[in-house]
Amino acid sequence: MLCRQCEETIAGTGCVKRGVCGKTEELAKSQDILVGALIELAASGRKGDEVDKTMVDGLFMTLSNTNFDRKVIDSQTAKAKTLVGKDVEIRCKDIVSLDADDDLRSLKELLLFGLKGLAAYYHHAVVLGGKDEAVTDFLRKAMASLAESRTADELVALNMECGTVGAACLALLDKMNTGAYGVPEITQVRTGVGKKPGILITGHDLKDLEQLLEQTKGTGVDVYTHGEMLPANAYPAFKKYDNLVGNYGGAWYKQKDEFESFNGPIIATTNCVLIPKDSYRDRLFTTGTAGVEGVKHIDEADGKKDFSEVIAIAKKCSSPTQIDDLNLTIGFGHSQVLALADKIVDAVKAGAIKRFVVMAGCDGREKGREYYTEFAQSLPKDTVILTAGCAKYRYNKLDLGDIGGIPRVIDAGQCNDCYSLVVIANALAQAFNTDVNGLPLSFNISWYEQKAVLVLLTLLSLGVKDIMLGPRLPGFITPGILDVLVNTFGIKANGTVAGDMVILKIE
Ligand code: SF4
Ligand code: SF3
């Protein structure tokens with residue numbers, strides 16, 4: 001195996017025997033074959049809802065920390081092959097075989113990983129009834145291009161198009177989320193625990209949360225959010241449930257400890273799910289594209305998921321062991337921030353806010369990521385952090401205060417809500433009659449998986465320059481392609497983990 005699609009890949013170059021994530025050689029092979037089959041499906045020219053669903057689900061399943069169940073991956077491959085209509089010979093049996101030339105291969109990997117992120121975000125929108133043929137048309141076109149001979153210029157253009165389509169997809173997702181559950185409101189979320197038994201729900205899928213809240217109503221079982229589900233607490237549709245009592249724990253990589261101490265069942269709706277410890281394996285459930293071999297999976301039937309088994313287990317469990325008891329302020333989607341826009345613009349004009357720093361993206365387990373906590377702490381007091389994604393867990397429990405009532409950490413939500421950051425940045429640019437690069441705005445993005453690759457391509461396609469990317473540059477980027485990223489977009493590596501630190505200084 002050679003997998004280097006995430007930031008934690010071994011030595012920054014590639015997992016070869018077993019993934020840091022726990023992926024085995026056999027599973028990696030199955031996933032490569034699935035990606036190959038999806039490329040063949042795209043190249044076959046077939047279209048239609050079934051083709052698109054197979055493509056979107058299949059790509060999402062191969063995202064880091066999403067599906068560790070080889071049977072599920074192999075059956076998705078079989079679906080793709082059936083749709084192609086013949087026993088296809090899969091040309092791309094592993095990612096490295098995409099191209100002989102290192103730079104071309106690097107650009108194809110960048111595209112493939114961006115497409116995985118795009119498929120994942122599109123999946124979230126589709127769950128809520130969203131549809132945009134521009135996304136699925138592009139997915140098919142770009143997947144097919146991976147098996148073709150393309151020049152570097154053509155591949156750069158496809159990567160930029162991936163970012164542009166990504167922006168449209170994130171806008172669609174924003175529309176679906178707010179259409180279904182209302183506009184997020186500024187909300188205080190408690191992290192302490194109650195005395196009742198609880199169910200912990202993690203991942204990004206809001207529809208799963210909705211169904212769980214409905215089914216746990218009046219059962220005496222509380223529901224807590226974890227990881228990327230934290231922002232759900234800000235939606236009006238979920239605030240009306242008394243049984244949604246707060247958020248438990250932190251980012252995905254802490255789940256092995258936090259799922260254990262939660263004491264009750266856990267539902268993993270999407271990435272990031274880890275291979276569980278035995279201590280909580282029996283009370284872990286997956287659903288949707290998430291999966292772990294030997295862990296129960298809850299399927300959808302007629303648009304509904306039945307969580308009764310989870311609720312029955314919860315009733316027999318003790319209440320969660322408290323980790324901390326804080327209040328987190330969340331819910332700064334673009335509507336809330338735009339409502340505060342005049343106040344923010346006045347604060348900038350008066351010199352009370354000197355700079356905004358986008359610290360969005362992913363969290364991860366490496367020690368070097370403490371940099372993000374230290375960075376947030378050391379920022380001058382007249383600086384405001386804009387965030388989305390699980391990166392926020394590095395500093396959202398610090399009390400960084402406010403500037404004249406404007407909090408110094410403006411949390412727009414999940415990585416799925418990165419669209420809000422784009423809307424906010426554009427609104428600021430308009431207010432100051434400049435473009436995003438002309439604002440007192442810096443980007444210090446931390447990445448882990450392929451949704452972050454898509455968000456990065458989206459920012460580049462929108463013309464954002466001088467992004468600081470860390471804690472380490474992608475292992476699939478060759479020196480030649482890095483030169484292109486540095487020269488064209490001013491990308492900088494903070495290299496916190498690799499040790500070659502270029503620290504972003506905000507003064
Ligand atoms: Fe390694 Fe990341 Fe691939 Fe897992 S997803 S095998 S950690 S590169
Ligand atoms: Fe986090 Fe996986 Fe990326 Fe959604 S949950 S941001 S790492």
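I call a residue buried when its relative accessible area is under 20%, exposed when over 50%, and partly exposed in between (1.4 Å probe, protein chains only). Helices (H or I, at least four residues) and strands (E, at least two) are DSSP runs, numbered from the N terminus.

This is a predicted model, where local features need pLDDT of at least 70, side-chain atom pairs count only at pLDDT 80 or more, and totals for chains, interfaces and linings use all residues. Residues are numbered from 1 along each chain as its sequence is written, chains are lettered from A and ligands numbered from 1 in the order written, and side-chain values use heavy atoms, without hydrogens and water.

**Helix H13**

I looked up H13 (residues 341-349) and found Ile-344, Val-345, Ala-347 and Val-348 buried. Down the axis of H13, the buried residues fall within an arc of 160 degrees, so they line one face; the arc is taken from the directions from the helix axis to the C-beta atoms. Asp-342 and Lys-349 are exposed on the face turned away from that buried side. Contact means heavy atoms within 4.5 Å, and the buried residues of H13 pack against H12 (334-339), E13 (355-358), E16 (406-407) and H15 (418-431). Just after H13, I noted Gly-351 with a positive phi of about 85 degrees.

**Helix H2**

How many of the 13 residues of H2 are buried? I found 10, so to speak a mostly covered helix. Among them are Val-51, Asp-52 and Phe-60. Their cover includes H1 (25-43), H3 (70-84) and H16 (450-461).
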